[in-house]
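Subject: Handover of a structure and findings

Dear colleague,

Please find the structure below, handed over for your use. My findings follow it, arranged by topic.

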Amino acid sequence: MDIPYTVAVRRDTGLNNGKIGIWLFLASEVMLFGALFASYILIRTGSPSWPRGDTVLDYRLATFNTIVLITSSVTMVMAWASLMRRRFGTFRMYMAATVLLGGVFLVVKYFEYSHHLHLGEYPSHSNFFAIYYTLTGLHMLHVLGGMVVNAYFWGPGAKLYETNPVWFTNRVEHSGLFWHFVDLVWIFLFPTLYLL
Amino acid sequence: MSEQAVAAPKHEHHEHHEELGFWRKYVFSTDHKVIGIQYAVTGLLFLLFGFSLMMLMRWQLAYPGVALPLIGNLFGEARMPGGTMLPEFYNELGAMHGTIMVFLGVVPLAVGGFGNFVLPLQIGAPDMAFPKINMASYWCLFLGGCTMLGSFFVPGGAAQSGWTSYAPLSVIAGSGQTWWLVGMIFLITSSLLGAVNFLTTTIQLRAKGLTFMRFPFFVWAQFVTSFLLLLAFPPLEAAGVMQLMDRVAGTSFFLPSGLVVSGQVLANAGGGNAVLWQHLFWFLAHPEVYVLILPAFGIVAEIIANNTRKPLWGYRSMVYALIFLGFMSFIVWAHHMFMTGMGTTMAAFFQTTTMIISIPSVVILTALVVSLWGGSIRFNTPMLFAVSFLPMFGIGGLTGLPLGLNISDIPLHDTYYVIAHFHYVVAPGTIFALFAGIYYWYPKATGRRMNETLGKIHWIGSLVCMNVVFMPMFIVGLAGVSRRLFDAGSAYDFAQGTMHWNAVSSWGAWTMGLFQLPFIFNFFYSIWNGQKADDNVWQATTIEWSAPSPPPHGNFATAPQAYRGPYEYSVPGSDKDFTPQFEA
């Protein structure tokens, strides 16, 4: 017996296996970042002084990065939409753009980190920098993970399109759900760390 | 990352499975039954290892400062000079006993082992929804286990800050603690992957006609357990990352300002919050308690229905109680923390939710007890273990009530009373249910039954010894002896009257070790020499018994279908006393 509903949708749930799987996974991710945000609130409210984000961090770089990530979410949707219309060439273009924009985000982050490290603002400097490095570092790992998966679908993983385009489209959709989640986390991180 | 959602490979066609070589078939297998057995064997080995650590500690507690005869010299001068245990080694044993029993013993066996093997068969599925992720989940557990075992050999030894790893002690502890954190991250990843897989499998791969209210109770138990794992583990992962940052990058998440260690003020930035670790830890670890007990409920319910030859009494109320229990388990965690000086409002909230959560547990236990009423009970080994679960878990549950109330918790906190309470829940409770499950599903996994006489010796020995071990601890605890004392309190006057009870507990533990030998022998001997079992050896009604024993790759020759509820035993007018779910 083959495993049912890997591609087809089960009628009474209206979903395929992969889509349930990715949403459950995202639920656990919400709890992961939720716990870190909760810790941030507790440590900040319990501390006698706490710097306002824009006095220590460069909010202009972060604004640029916000725009980069939101754009990459748009190109991710376009990549999936191209597959839905069976236009493989445009899919590849949009998927490449998504991965590259992720790369731009990481490069900007690299300059930001090296600037702070150069000033001697290590994680051990204060709890502000401790939570800054922990939250943005964990988020960065998620960006990297999403980029690896997307690059796989742009490259070797795309072979599936020839044999089973529906399944391949589903995979790209699920990877997109994860990518949007990573984007959403940043949209919470940006004001919390850089502005408040 | 999103790999797990997308890596749903097309299963190898049934006719291809003979081609798999040894490694793909038995080691790096994607078959849920092989993975289930891998999990179960790993879990059993770690249970034995964790129990051995405890048997060493019991010597020190029974005879503090006396050199351990025969094997005392094997542990080296750094741990047991002249065979006498050092406090550091005692702490190492204690921390690793807890960690190993919970995260590497009971959870892998109850959830990974039974969940993987039984759940897809019970819902009539050919495999798990994501077989490769299932394999990855087992190997994450394996790496986590290796990390934990390896930590015994790093300088300074394994973690010594208790299985709870309370900060700031754990942050300033030796390098074994870093290994503990890395190991925990592997174990958490394993559980998260498993939980996603179990939930998707249960929702999507149910056989035709198997609606949620036709699920065997075991499936419901695993379903709620997976939700707890999915949502409660990530906060501990976050806490683990923060503690790792504290230890490796020198941050101060859990270190307050001006902390003095060995007469010196720590040179850290400070401003952290030690109680934050406790909140994040117990936010996982209280649901974790239910992760330990719910699969046990599920196993016991299956075996009781089967051996009373009656439907479960109050199946629906049991299911609703289970769901309510799962929900409530997320809002009781701070009852572990009454001693942290929380305000009365907070304490009142958490003691109220704690009293409320005892209600669904009592509903389930009562339904199981009432299910026995008027049945023609078959007392085989699985049933003996399952029936003993009921009073043992009952003792564990009832003695928990004084700990859930703020005012009575304060004198009892961190005494042997707590140890006795939660071991009654987990040891003669959950572990008895796990033994019951092994004897019950062994014929499905191997095609042969385990020996009944050896099984009954194992049962009576374990039952008596469990009580000899843990009942005295209530007395020691009520006398006020702290569980953290490496000499069992022999340095204190008030503890002198309890010292002989420690020896009783210890001799109980060592005797119990001997009574596990018939089980170990039986487990291996019966693989080749057990009495042959047919497909439905217990005349049971649930779908797993329609598959061949042992089930082939892909489980069922044709897709099974569910025609009725799970426990149609002794239906009036039927020619036999069971009417299987899978028969039209």
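I begin with helix H16 of chain B, which runs over residues 499-515 and has 17 residues. From its first C-alpha to its last, H16(B) reaches 25 Å, close to the 24 Å expected at 1.5 Å a residue. Please bear in mind throughout that this is a predicted model.

The buried residues in H16(B) are B:Trp501, B:Asn502, B:Ser505, B:Ser506, B:Gly508, B:Ala509 and B:Met512. They lie on the same side of H16(B), because the arc they cover around the axis is only 160°. Their packing partners are helix H3 (32-62) and helix H15 (452-478) of chain B. On the face of H16(B) turned away from the buried side, the exposed residues B:His500 and B:Leu514 are found.

Helix H9 of chain B, residues 315-328, can be described in the same terms. H9(B) has 14 residues and reaches 20 Å from its first C-alpha to its last, close to the 20 Å expected at 1.5 Å a residue. Buried in H9(B) are B:Tyr315, B:Met318, B:Ala321, B:Leu322, B:Leu325, B:Gly326 and B:Met328. These residues cover an arc of only 165° around the axis, so they are on the same side of H9(B). The buried residues of H9(B) pack against H7, H8 and helix H10 (344-372) of chain B.

Turning to chain B as a whole, 17 helices and 2 strands are found. The radius of gyration of chain B is 24 Å, close to the 25 Å that the globule rule gives for 584 residues, so chain B is as compact as a globular protein of that length. Along the principal axes, the C-alpha atoms of chain B fill a box of roughly 75 × 55 × 50 Å. Of the 584 residues in chain B, 55% are buried. Among the contacts in chain B with a separation of 6 or more, 80% are between residues 24 or more positions apart.

In soluble globular proteins, nonpolar side chains tend to be buried together. In this model, the largest nonpolar core has 229 residues. The residues with the most contacts inside that core are B:Val300, B:Ala386, B:Phe389 and B:Ala436. H8(B) gives the most to this core, with 20 residues. What is B:Phe389 in contact with, leaving aside its neighbours within four places in sequence? Its partners are B:Ala296, B:Val300, B:Gly429, B:Phe432, B:Ala433 and B:Ala436.

The next topic is the contact between the chains. On this side, 47 residues of chain B are in contact with 42 residues of chain A. Helix H1 (3-6), helix H6 (176-204), helix H7 (217-248) and helix H8 (274-308) of chain B are the elements that give two or more residues to the side of chain B that touches chain A. H7(B) provides the largest share of that side, 10 residues. By residue class, the side of chain B that touches chain A divides into 28 nonpolar, 15 polar and 4 charged residues.

Some backbone features of chain B may be of interest for your own checks. The peptide bond from B:Ala167 to B:Pro168 is cis, with omega near 0°, and B:Pro168 is found in the loop between helix H5 (131-150) and H6 of chain B. That loop between H5 and H6 of chain B also holds B:Ser165, a residue other than glycine whose phi is positive, near 50°. B:Ser165 counts as buried because it has 26 C-beta neighbours inside 10 Å, where 20 or more are required.

A cis peptide bond is also found from B:Ser549 to B:Pro550, with omega near -10°. B:Pro550 is in the segment after helix H17 (517-529) of chain B, and B:Gln539 is likewise placed in the segment after H17. Phi of B:Gln539 is near 50°, a positive value in a residue other than glycine. With 16 other C-beta atoms within 10 Å, B:Gln539 is partly exposed.

Finally, in chain A, A:Arg44 is found in helix H1 (residues 17-45). A:Arg44 is partly exposed, with 15 other C-beta atoms within 10 Å. A:Arg44 and A:Trp80 are 36 residues apart in sequence and 41 Å apart in space, C-alpha to C-alpha.

With kind regards

Definitions and conventions
Residues are numbered from 1 along each chain as its sequence is written. Chains are lettered from A and ligands numbered from 1 in the order in which they are written. This is a predicted model: local features need pLDDT of at least 70, side-chain atom pairs count only at pLDDT 80 or more; totals for chains, interfaces and linings use all residues. Two residues are in contact if their C-beta atoms, placed from the backbone, lie within 7 Å. Helices (H or I, at least four residues) and strands (E, at least two) are DSSP runs, numbered from the N terminus. Ala, Val, Leu, Ile, Met, Phe, Trp, Tyr, Cys and Pro count as nonpolar, Asp, Glu, Lys and Arg as charged, and the others, Gly among them, as polar. A residue is buried if 20 or more other C-beta atoms lie within 10 Å of its own, exposed if 12 or fewer, and partly exposed in between; C-beta atoms are placed from the backbone. A nonpolar core is a set of buried Ala, Val, Leu, Ile, Met, Phe, Trp, Tyr and Cys residues joined through C-beta atoms within 7 Å. The expected span of a helix is 1.5 Å times one less than its number of residues. The arc is that of the directions from the helix axis to the C-beta atoms. The radius of gyration is taken over C-alpha atoms; the globule rule is 2.2 Å times the number of residues to the power 0.38.
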